[in-house]
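Work through the two exercises below with the structure open. Each task is followed by a stepwise solution.

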Amino acid sequence: METVEKAIIKLDKLGAIHVRKHHLSIFFIFVFGALGGLLFGFDTGIISGASSLIENDFSLNVEQTGFITSSVLIGSSVGALSIGSLSDKYGRKKLLLLASILFLVGSGLSMVATGFVSMIIARIILGFAVGSASALTPAYLAELADAPHRGSLGTMFQLMITLGILLAYMSNLGFLHHNLLGIRDWRWMLGSALIPAAILFIGSLILPESPRFLVEKGRIDEAKSVLHGLRENTTEDPDKELAEIQSVANQPKGGLKELFTFARPAVVVAIGLMFLQQLVGINSVIYFLPQVFIKGFGFAESNAIWISVGIGVVNFVCTILAYKIMDKFNRRTILLFGSIVMAVSIGILSVLNFTLSVQAAAVPTMILIAIYIFGFAVSWGPICWLMIGEIFPLNVRGVGNSIGSAANWIGNFIVSQFFLVLLSAFHNNVGGPFAVFTFFAIVSIFFVIYFVPETRGKSLEEIEMEMRKQSADKAAAK
């Protein structure tokens, strides 16, 4: 571990030299900073087209196939939980670089897996990378962005996730039934993740460190230099922002105790948002949509993957819409809109699949899933990741993001591990699983109303100081 740490520090210094020599555009910084999201989407989406091929190749049962899909989520939970405290200690940039190396290793091993066990090991390693990126990237992007644009810039993480999913679907379609060089098609599907992993590795070398992390570690001159570069073409005053960051950094530190005292509402919101983001069933669609139309509606494999590509396009385009509107409407308003759209669309889907014939329900199911994806992609998709990067205090932001991200992966694991089993229990009628997801979509409405704070237009420092004031007021009232 010490050798790896030294190597990362050496690479980090090389990257810092590059940054000083060459001015990096804001667009470049945020796109490459969000590349962890692209790999997150690619590595979780690629299995949707490959799983049935792997199942046949390795002669697996439905539980084993489900576990190959969900095993990445075990690694993701561990990666998300462990990376937060490390990023608070060593910085966002260095750990993002480490995540890129794990992406390369996991993608390579999954491509050459020889059976069920070796595939599980590869997918768990890949999960470490995905979980690390999911915990690191929202905080990193939030700490680089200025307050007026933090919503749209933070949404880039979810935009990259949806782009990664779409590229994964296209990779599935492109390699299907093409055993190039005598190598099975699904191996090329999984191995294609090496390309974005290599790009993230290169990008991680030249990205700047978070100015807020630099202030927290007393590296004020470096933080000032990074802030001036980031705010060069904005109306924000970097020196004023630096002073605000220093003021918050100088607040008395309670360490991890802060998470369970004045920051406890943030923990509740993060866990609730991230659990519900999964329990509304989004990744059952992302991972298993081809399986749904193959097993539930008797579609041919290639036709089912084409449907996935279409849904991937809807997901990506709707997230672009979210990017455009994120700084124009309150976070809570957008979340409530998304919850209502999801609840109505999949509620109707469930009823139709219990009342119509399989043939009659197929086309309405496709349309309703597209509407459901729209509701999710403009709201719960981007905002949950955005908000966990906003609501935690500076000195425990990494750990707080880890807790929220881990909750997301645990919820993801539950949904993905049991979706095919639940589908089978309802005799391949998709109305059953989606009725369960409808219940949680309704729960999400009440959670937003009673627990989620509004953060739009506020700096991270303003959000933290409001939280401290509320905590102090409550303590005084007692």
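**Exercise 1.** Which residue caps the N-terminal end of H5? Then trace the helix to its other end.

Solution. The model is predicted.
- Step 1: Start at the cap. Asn61 caps H5, with a side-chain oxygen 2.8 Å from the backbone nitrogen of Gln64.
- Step 2: Take the length. H5 covers residues 62–90, which is 29 residues. From first C-alpha to last, H5 reaches 42 Å, close to the 42 Å expected at 1.5 Å a residue.
- Step 3: Check the axis. H5 bends by about 40° at Thr69.
- Step 4: Look just past the end. Gly91 has a positive phi of about 110° there.

**Exercise 2.** Describe how H3 packs against H8.

Solution. 
- Step 1: Packed helices are described by the angle and the distance between their axes.
- Step 2: Apply them. The axes of H3 (residues 35–45) and H8 (residues 150–175) come within 6 Å and cross at roughly 40°.
- Step 3: Assign the hand. The crossing is right-handed.
- Step 4: List the contact. H3 contributes residues including Leu38, Phe40 and Phe42, and H8 residues including Phe157, Met160 and Ile161.
- Step 5: Sort the contact residues. They divide into 12 nonpolar, 7 polar and no charged.

Notes: Residues numbered from 1 in each chain as written. Predicted model: local features only at pLDDT ≥ 70, side-chain atom pairs only at ≥ 80, totals over all residues. Heavy atoms only, no water. Axes fitted to C-alpha atoms, helices over the stretch in contact; angles between N-to-C directions. Helix = DSSP H or I, 4+ residues; strand = E, 2+ residues; numbered from the N terminus. Left-handed = near helix turned anticlockwise from the far one by under 90°. Contact = heavy atoms within 4.5 Å. Nonpolar A, V, L, I, M, F, W, Y, C, P; charged D, E, K, R; others polar. Expected span 1.5 Å × (residues − 1). Bend = angle between axes of the 7 residues up to and from the residue. Polar contact = N/O pair within 3.5 Å; in protein donor to acceptor, adjacent residues only side chain to side chain.
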